[in-house]
Amino acid sequence: MKDRSKILNIASFSTQTRALGPGLRAVVWVQGCPFHCRGCIAPEWIPFQPAVQMTPRELVDRLLVADISGLTFSGGEPMEQAAGLAEVARLVKDRREVDII
């Protein structure tokens, strides 16, 4: 059973990008942003609505299938899910030496 207090709401993720930071990276885009910035490059990720929901551990298991050197959190607004993403960062660092943006 999932601990519902730690469910992340993920718009998308990738395990293979050389954008959004140095080296081969995984990137997590979260769903939901309160800012509504003019010219937002991901307006579909602004609404606070259910997307792909998973625990930090489930997300880490999916992110670490590739030999990445880094992890980037993007959005939406990552700080809206800071506690869950901090847990993702801890779990990733426990398993692999990576830089995190």
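## Two helices crossing

The axes of H1 and H2 come within 9 Å of each other and cross at roughly 45 degrees. That angle makes H1 oblique to H2, since an angle counts as roughly parallel only under 35 degrees and as roughly perpendicular only from 65 to 115. On the H1 side, the contact is made by Pro56, Arg57, Leu59, Val60, Asp61 and Leu63. H2 answers with Gly84, Glu87, Val88, Leu91, Val92 and Arg95. As for handedness, H1 passes H2 in a right-handed crossing. Keep in mind that all of this comes from a predicted model.

## The buried side of H1

H1 covers residues 56-63, and four of its residues, Pro56, Leu59, Val60 and Leu63, are buried. Where do they sit around the axis of H1? They cover an arc of only 100 degrees, so they end up on the same side of H1.

Five strands make an open sheet, and reading across it the order is S3-S1-S2-S4-S5, with mixed pairing. S3 and S5 (99-100) stand at the edges with a single partner strand each, so one side of each has no neighbour in the sheet.

Now for the pairs around S1. S1 and S2 run antiparallel over 5 bridges, while S1 and S3 are antiparallel over 3 bridges. Over in S3, the bridge partner of Asn9 is Gln53.

## How the helices lie on the sheet

H1 lies across S1, S2, S3 and S4, and runs at about 15 degrees to S1. By the under-35-degree cut-off, that counts as roughly parallel. H2 lies across S1, S2, S4 and S5, running at about 175 degrees to S4. An angle over 145 degrees counts as roughly antiparallel, so that is the label for H2 against S4.

## Loops worth a look

Leu20 has a positive phi of about 65 degrees although it is not a glycine. Leu20 is in the loop between S1 and S2. Is Leu20 buried, partly exposed or exposed? Its relative accessibility is 42%, so Leu20 counts as partly exposed. His36, also not a glycine, has a positive phi of about 55 degrees. You'll find His36 in the loop between S2 and S3, and with a relative accessible area of 55%, His36 is exposed.

Pro22 lies in the loop between S1 and S2. What does Pro22 touch, leaving out residues up to four places away in sequence? The answer is Ser69, Asp99 and Ile101. Pro22 and Leu71 are 49 residues apart in sequence, yet their C-alpha atoms are 9.5 Å apart in space.

Technical notes: Residues are numbered from 1 along each chain as its sequence is written. This is a predicted model: local features need pLDDT of at least 70, side-chain atom pairs count only at pLDDT 80 or more; totals for chains, interfaces and linings use all residues. Side-chain values use heavy atoms; hydrogens and water are left out. Buried means under 20% relative accessible area, exposed over 50%, partly exposed in between (1.4 Å probe, protein chains only). The arc is that of the directions from the helix axis to the C-beta atoms. Two strands pair if DSSP finds at least two bridges between them. Axes are lines fitted to C-alpha atoms, for helices over the stretch in contact, and angles run from 0 to 180 degrees between N-to-C directions. A crossing is left-handed if the near helix is turned anticlockwise from the far one by less than a right angle, and right-handed if clockwise. Contact means heavy atoms within 4.5 Å.
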